[in-house]
Amino acid sequence: MSFILFIIVLGALIFVHELGHFLVAKKCGMRVDEFGLGFPPRVFGKKIGETTYSINWIPFGGFVKIFGENPAVNPEAEPLPTDETRNFGKKNRGWQAAVLVAGVTFNIIFAWLLIAVSFVSGFPAPVGYYQNVSVENPRLILTQVLTDSPAAKAGLQVGDAIVSITAAADSILNLTAESVSDFMNQHEGQEVSIVYERSDIRSEVKLTPITGIASGRAAVGVGLDLIGTVELPFFRALWESAKTTGILLVEITRGLGKFFYNAFTFRADFSEVTGPVGIVNLVGAAARLGLANLLGFTAFISLNLAVINLLPIPALDGGRLVFVAIEAIRRRPLNPKIVNYLNGAGFALLLILMLVITYKDVIKLF
């Protein structure tokens, strides 16, 4: 089920991104030869007007083939004379940049709308995170379960709601992340009973806090947060969503910048990065917290894709924007062979990075 949800989420994000390129290219008068979801080989394709709409076998991506965007790599059949005015490379640099930025812009708008919808429908939010916003029915929720920890071995999962925690005759009266942490530390080596709810089904597990998980403290290997529901009227939801989207964009950009800085200084920790395999599990965990949480998680991934696509790496939109800027300064096109070589090298680099991250994700499963 998690994999199916992942494919749906990924397909929606790719469609929105490529739709941005497609609509703006059409608006600019460029000829769009194909709008494809996934990468070839092709499963299905239908030509409507001048554009072929296709679904392809490899689901991790999509593309919009614009006439003249990659002339040396993908030469078209002899165009009609009138088609030359619809060539991507013949348009002014402003229109070219607008087409390249459109995919990222649509991802940001999509995230904004998703967060707004989740606010209207009732969005799970930590107590105290949003100012002047009431959080209803807060519960202590597992936000993380460490691999090979007592909690993981007992079967606890992200999204489980803690009902009670006891050890012999001792119990916690006020469930908070801090009180649970202190309780576990005080009962090192003792059997602790945890009653939790998952999908409205109440269960109980017994486990023992151990040292070596949290620095200087006994723990069971979970992250906890007091999470309730925020439900807002439509226009308030749009405003709060806009603020949340901006905050997330800043934080994602900072995090990504820090990762690449560490990568160039050979201090990057690839275990902190999640690829497709890891995202499958995260999508499943988000879905267990409800539809609103799944929408919020999808918005978060959409914003990550937006920031990543703006990186000045050849083959990404950001790299293509750099080429457009250089051409604008030089007042003449770059050598197509050099551009296509750099795009190919950039794509290979991204593929290697994805394989490394995927390998790390698979290792975490065992």
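**Helix packing and its surroundings**

Tutor: Let's start with a single side chain: R31 sits over the face of F67, 4.1 Å from the centre of the ring. A charge is counted as over a ring if NZ of Lys or CZ of Arg is within 6 Å of the ring centre and within 35 degrees of the ring normal.

Before going on, please keep in mind that this is a predicted model, where local features need pLDDT of at least 70 and side-chain atom pairs count only at pLDDT 80 or more, while totals for chains, interfaces and linings use all residues. Residues are numbered from 1 along each chain as its sequence is written, and side-chain values use heavy atoms, with hydrogens and water left out.

The setting is a protein chain with nine helices and 11 strands (DSSP runs numbered from the N terminus: H or I of at least four residues for helices, E of at least two for strands). Of its 366 residues, 41% count as buried (under 20% relative accessible area; exposed is over 50% and partly exposed lies in between, with a 1.4 Å probe and protein chains only). Among contacts with a separation of 6 or more, 63% join residues 24 or more positions apart, a contact being heavy atoms within 4.5 Å.

The part to look at closely is helix α2, residues 93-121. Two packed helices are described by the angle between their axes and the distance between the axes. Against α1, the angle of α2 is about 140° and the axes are 7 Å apart. Axes here are lines fitted to C-alpha atoms, for helices over the stretch in contact, and the angles run from 0 to 180 degrees between N-to-C directions. The two helices are therefore oblique to each other (under 35 degrees is roughly parallel, over 145 roughly antiparallel, 65 to 115 roughly perpendicular, and the rest oblique). On the α1 side the contact includes A12, L13, V16, H17 and G20, and on the α2 side it includes A98, A102, G103, V104 and N107.

H17 of α1 deserves a moment of its own. Its relative accessible area is 7%, so H17 is buried. Beyond residues up to four places away in sequence, H17 touches G103, V104, N107, N309 and D317.

Now turn to α7, residues 291-309, which packs against α2 at about 165° with the axes 8 Å apart. That angle makes α2 roughly antiparallel to α7, and the crossing is left-handed. Residues of α2 that meet α7 include V104, N107, A111, L114 and S118, with A292, L295, A299, S302 and N309 among their partners.

A further partner is α8, residues 317-330, whose axis comes within 10 Å of that of α2, crossing at roughly 170°. Here again α2 is roughly antiparallel to its partner, α8. R93, Q96, A97, L100, V101 and V104 supply the α2 side, and D317, R320, L321, V324, E327 and A328 the α8 side.

Q96 of α2 is buried, at 2% relative accessibility. Leaving aside residues up to four places away in sequence, Q96 touches M30, F88, G89, K91, V324 and E327.

The whole structure holds six aromatic pairs (rings of Phe, Tyr and Trp, the last by its six-membered ring, with centres within 6.5 Å; planes under 30 degrees apart are stacked, over 60 edge-to-face, the rest tilted). One of them is F15 with F35, a tilted pair with 5.9 Å between centres and 50° between planes. F15 belongs to α1 (residues 2-27) and F35 to strand β1 (residues 32-48), so the pair ties together parts 20 residues apart in sequence. F15 is partly exposed at 38% relative accessibility, whereas F35 is buried at 6%. Ring pairs join F15 and F35 with F22 and Y53 in a cluster.

Key. A crossing is left-handed if the near helix is turned anticlockwise from the far one by less than a right angle, and right-handed if clockwise.
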